[in-house]
Amino acid sequence: MPELPEVETIVRNLNKTIVGYKIVDFWTEWKNSIKLDLNIFKKDIKGAIIKRIKRRGKNILIFLDNSRVILIHLKMTGHLLFKDKNHKKNKNFEEKVNQYIRHIWYLEKNRKEASLEFSDLRKFAKIQLIKKSELNQDMGLSRLGVEPLEKEFT
C-alpha cells in the first residue's frame, strides 16, 4: 500500500502533468471499484477540466471545473500512470506491475491527447465522485487527523 509520502509525491506529479486537461472519455473494466452508477460517473466527468489535485490522508482528490471531485484511494496495489500520446511509449508501462489497467481517463489539452491510467492488481482501489460542497460531509475525510504537512501539525 502506498504510504502517505508516496501519495504526496503522486499528487505533486499529477499537479505537474494533468492540470488543465479536459476529460474526454472514461473506460473501466472493473466498475465495482467505482462507488457510483457508471453512467452517472461518466456523464459528470466528461467535458470537465482538471483544476488541481490535492491529498487528504492517503486519498487523492482531483478537483474539476464543474464543482465535482474525483476521490481515489489506491488501497494496496493501485497506482496511476500518465501517458502522453504524442511522445514515445513510456517504459514504465512495460513493467509487469503496470499491466493491470482497470480504468482509463482519456484527456485532451490544446489538441494534445493523453491518458491517466489506473493499474490495480488486486482490485481493492476505490473511486468516488462527489460534489465539492459535500467533500467533508460523508466521505470520512473530516474524521482524519491534522495533515502532517500543514501548519496546524505540531
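In what order do the strands of the open sheet stand? The order is β2-β3-β4-β8, four strands with antiparallel pairing. This is a predicted model, where local features need pLDDT of at least 70, side-chain atom pairs count only at pLDDT 80 or more, and totals for chains, interfaces and linings use all residues. Residues are numbered from 1 along each chain as its sequence is written, and side-chain values use heavy atoms, without hydrogens and water.

Strands are DSSP runs of E, at least two residues, and helices are runs of H or I, at least four, numbered from the N terminus. Two strands pair if DSSP finds at least two bridges between them.

The edges are β2 (50-56) and β8 (126-131); each has a single partner strand, so one side of each is left without a neighbour in the sheet. Neighbouring strands are turned by 20° against each other on average, direction ignored; axes are lines fitted to C-alpha atoms, for helices over the stretch in contact, and angles run from 0 to 180 degrees between N-to-C directions.

Strand β4 (residues 68-73) is joined to β8 by 6 bridges, and His-73 stands opposite Lys-126 in β8. Helix α1 (residues 4-17) packs on the sheet and touches β2 and β3 (59-64), contact meaning heavy atoms within 4.5 Å. The direction of α1 makes about 170° with that of β2. Helix α2 (residues 38-45) also packs on the sheet, touching β3, β4 and β8.

Lastly, Ile-60 touches residues including Val-7, Ile-53 and Leu-80.

Notes. Lists of a residue's contacts leave out its neighbours within four places in sequence.
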